[in-house]
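Hi,

Here is the structure I promised to pass on. Have a look, and my notes follow below.

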Amino acid sequence: SITDDKLCSCPGGVISKPGQAFWATIGDAALASDFIRCSDKAVVYKAWIQALFPEFTTHHLDQASGRFLTKCYQGRAVVGYILVIGPALGLISGLFSVASLFPALA
């Protein structure tokens, strides 16, 4: 386990013990999370909710992680749309430009 008196006010400064999860956030978490799959984020979110609220049933945990997964996919849909539309428009404009070079095609 990792120990450091300055990292947290845990008893003895222990951050984690084998088999126990330690949850923390950092300032750059938003940048790093762009490269993590939504399904993996949902699994971690479910484990986090289960650690915070052990009285939740499996149904409630599944529902919470499902909503998180949906929100994650919706957030990435905009980027996917731009990544698909951009090259498609470039290809169409390129074909139009090449076709306009030949008078018989115009």
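How exposed is Asp40, going by its relative accessible area? Asp40 is partly exposed, at 34% (buried means under 20% relative accessible area, exposed over 50%, partly exposed in between, with a 1.4 Å probe and protein chains only).

Before the rest, some housekeeping. This is a predicted model, where local features need pLDDT of at least 70 and side-chain atom pairs count only at pLDDT 80 or more, while totals for chains, interfaces and linings use all residues. Residues are numbered from 1 along each chain as its sequence is written, and side-chain values use heavy atoms, leaving out hydrogens and water.

On the fold: the protein chain has three helices and zero strands, running α-α-α from the N terminus (helices are DSSP runs of H or I with at least four residues, strands runs of E with at least two, numbered from the N terminus). Of its 106 residues, 10% count as buried.

Back to Asp40: its side chain forms a salt bridge with that of Arg37, at 3.1 Å from N to O (the cut-off is a side-chain nitrogen of Lys or Arg within 4 Å of a carboxyl oxygen of Asp or Glu). Arg37 counts as exposed, at 54% relative accessibility.

The whole structure has two salt bridges. Asp62 and Lys46 make one too, at 2.5 Å from N to O. Asp62 sits in helix α3 (residues 58–100) and Lys46 in helix α2 (residues 38–52), so this pair ties together parts 16 residues apart in sequence. Asp62 is partly exposed at 38%, and Lys46 is partly exposed at 27%.

Cheers
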